Amino acid sequence: MEGSSPLVALVPALPLLGAMINGALGIAKKPLPRLMAGGLASAVMLGAAGVSFMLLFGMLSGHGEGGHAATLTQTLWTWMKVGPVSLDVGFAVDPLTAVMMCVVTGIGSLIHIYSIGYMDDEADKDSVWRFFAYLNLFAFAMLCLIMGDNFGMMFVGWEGVGLCSYLLIGFWFKNSDYASAGKKAFVVNRVGDFLFLCGLFWLFWTVSGRTDANVMNFAVLSEVVSKDPMIVGGAGGLTVTGICLLMFGGATGKSAQIPLYVWLPDAMAGPTPVSALIHAATMVTAGIYMICRLNFLFILAPAAMAVVATIGVLTAFFAASIAMTQTDIKKVLAYSTVSQLGFMFLGVGVGSFVGGFFHVITHAFFKALMFLGAGSIIHALHHEQDMRNMGGLRKYMPLTFATFTCGWLAIIGFPGTSGFFSKDEILWLAFTTELYKDLPLGMVMPKVLWAIGFVTALMTAFYMTRLMCMTFFGAYRGGHGHDDHGAHGDHGAHGDHGAHGHTPHESPMVLVGPLVVLALLSIVGGAMNLPHWIAEHGWLHHFLSPVFAGSEALAVFDAHSPLEFPLMGLTLAGVTASVGAAWYLYVLHPEKPAEIAERIRPLYVGSLNKWFIDEVYGFTILAPLYLLSRQVLWAVVDAQIIDGAVNGAAAAATTIGRGHGAAGGGRIQVYAIAIAAGAALFAAAYALS
Amino acid sequence: MESVGLFPVLALSATLFVTGMAGVLTRKNALIVFMSVELMLNAVNLAFVAFSRQTQNLDGHVFAVFVMAVAAAEAAVGLALVILLFRNRITVSLDDLNILKG
């Protein structure tokens with residue numbers, strides 16, 4: 001099943017090389033010219049994408065056991081070795097990794113190319129090389145995360161993407177709001193990372209005592225656990241449930257789920273290509289990827305899976321409720337991302353790892369597309385992000401409009417588009433899962449999960465249609481009153497675009513080109529995993545089966561339920577109604593939304609202010625923490641105990657020194673008396689003994 | 001020849017030693033202090049010789065000769081120091097020679 005390939009390490013090495021060249025030249029104050037910096041970064045990503053697809057196609061044509069693809073591995077060197085456990089700088093490409101690699105490098109390449117155009121109005125010449133060096137570094141870290149063959153490499157990547165995310169959110173760090181958004185993302189992620197580490201330690205603690213295998217290696221661990229679940233305390237046991245919950249805690253940080261989702265909306269402070277690449281398509285899906293990678297573990301803990309699915313669907317619903325009223329186009333997309341990530345967790349949580357992962361891919365297509373589309377709009381409108389100042393853009397930006405429409409069709413689940421297949425599969429599998437049947441309320445739970453997911457799908461259709469209407473339809477509302485642009489556009493001059501040319505214009509090809517590619521993928525991407533009622537086996541399902549074979553045997557779905565088509569029809573009808581309602585409110589009667597908002601004022605204010613979660617966290621967590629820090633840790637522990645100890649030691653030394661100094665008065669006869677007294681003392685002691 | 005016994009010799013030695021010590025500790029003139037140190041050395045010599053005779057062991061004599069040799073060398077160096085001190089400071093009073101304080 002295994003083969004070695006020297007090409008594997010090339011995939012992460014190329015972006016690293018790009019980051020090093022751009023970074024080193026930049027630090028040496030001889031940065032590459034703008035176009036070359038971007039060109040280099042894009043070229044290495046295209047190279048990595050080329051190698052990734054080569055590996056993928058190689059796996060498709062080569063046949064291992066039972067017609068399944070073989071795993072390619074490459075170990076560069078041993079990082080550390082303790083007893084039987086060896087952490088290697090090694091990569092393993094199994095089908096799951098291969099697909100994810102292609103998504104990351106493929107979409108990454110498009111976004112790198114797009115960034116060349118997006119960043120061309122950066123006034124600060126230092127920004128450009130910095131941006132591309134960070135972006136390449138991110139790609140490297142992300143590839144380490146997904147390609148590493150052991151927990152060590154995964155964790156390096158896990159932390160690496162967090163670092164790059166922090167650097168890129170705070171990219172315009174001269175704006176203190178943006179810088180603190182980066183800090184917030186970093187700190188919130190640390191909470192998750194801590195939980196992840198705890199889970200990892202617990203796992204290691206449990207397993208390493210019971211076997212001599214190198215359990216930090218995923219393939220080995222998978223084999224060991226599949227062979228004997230007792231090694232992690234047995235299926236459904238407290239140990240495996242606890243480990244999985246802690247690891248899922250890490251995922252809630254990285255993948256922005258309740259309760260740690262709060263950083264992602266703020267992360268929109270970064271440049272829009274960053275939002276598309278890191279905070280929509282790749283990094284935030286790391287949590288789902290991790291659960292897919294550890295599917296053999298999670299499947300043994302139905303209770304943890306139930307928590308995953310519940311948190312997922314609640315996050316989906318909650319974030320959608322906030323997205324309904326946001327006016328910043330990137331904020332809507334950000335909450336939409338949180339919501340869609342919730343769907344993915346719902347998918348993996350009900351035991352359909354393929355379904356969840358399928359949604360990772362399709363979401364990467366259409367959400368990257370929409371973020372880049374939003375970036376195209378923001379670029380054309382000179383860093384205007386407020387949808388209230390947009391409108392009617394379909395006339396001015398026809399290509400952006402056309403491609404954005406493809407993304408919109410995909411996310412609302414228009415039949416035939418990629419989002420339709422992936423979302424529908426998740427909802428259907430949530431409805432039919434039998435994973436929880438041994439848990440209390442296990443029979444009702446799938447239906448409840450489905451119901452919340454269903455409502456969320458309708459809300460998604462509504463707020464995405466609202467975004468489309470406010471942005472592309474109606475009359476253009478911008479072009480006057482540039483006063484309020486300071487809030488968004490204060491990170492640099494806007495170059496030579498005619499900063500006050502009030503008519504928006506289509507973006508250049510370098511921006512639109514990637515949009516067209518992603519639009520195509522959003523529409524036809526569903527073909528990679530067609531449902532059973534079209535093709536017998538979806539390609540993705542078949543291709544990934546070596547990875548998920550063990551857990552698929554344990555996750556049971558009620559495949560014969562006659563309700564599949566009725567439920568699908570219900571969803572479609574609901575979505576259509578939502579779209580119609582949004583169209584009615586935001587295009588036909590633009591005055592209505594304000595009236596409705598007035599009528600349901602508490603709900604409206606709550607949603608607009610993100611249900612005051614930031615304030616609640618501020619009051620319940622940050623304020624006590626600040627109080628503890630200032631009043632106890634600073635005023636008492638630091639100022640009194642630590643400083644006291646340091647100053648006290650110094651004062652004691654001074655006092656003792658002064659005493660000795662007084663004794664050494666320079667009078668030789670005083671010394672002589674001391675000697676005599678000492679001698680007398682010894683003599684007396686001798687005499688007495 | 002009649003022997004005087006150990007005790008009177010040791011008593012004399014002790015008296016000389018204490019006298020020398022008193023001089024070292026109380027006199028202000030460096031030269032006097034110096035002479036007092038010589039007195040203490042010779043008191044010790046006397047004790048060495050007395051014990052040597054008492055125990056019929058020549059080690060005490062050997063030590064006494066060594067002490068005298070060292071005392072002579074010390075007297076040469078010490079007196080040179082005192083003379084140099086006087087040249088530099090126009091005084092040999094120990095009260096004034098106290099710049100080496102802690």
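The model is predicted: local features need pLDDT of at least 70, side-chain atom pairs count only at pLDDT 80 or more, and totals for chains, interfaces and linings use all residues. Residues are numbered from 1 along each chain as its sequence is written, while chains are lettered from A and ligands numbered from 1 in the order in which they are written.

Chain A has 27 helices and 3 strands (DSSP runs numbered from the N terminus, H or I of at least four residues for helices and E of at least two for strands). Its C-alpha atoms fill a box of roughly 110 × 65 × 55 Å along the principal axes. Of its 689 residues, 51% are buried (20 or more other C-beta atoms within 10 Å; exposed means 12 or fewer, partly exposed in between, with C-beta atoms placed from the backbone).

Contacts link 12 residues of chain A with 9 residues of chain B (C-beta atoms, placed from the backbone, within 7 Å). On the chain A side, α26 (613-663) and α27 (668-688) each supply at least two residues, and α27(A) gives the most, with 5 residues.

Two residues other than glycine have a positive phi.

A cis peptide bond, with omega about 5°, joins Ile258(A) and Pro259(A). Pro259(A) lies in the loop between α8 (238-254) and α9 (263-266) of chain A. Most residues other than glycine have a negative phi, and most peptide bonds are trans.

Technical notes: Two residues are in contact if their C-beta atoms, placed from the backbone, lie within 7 Å.
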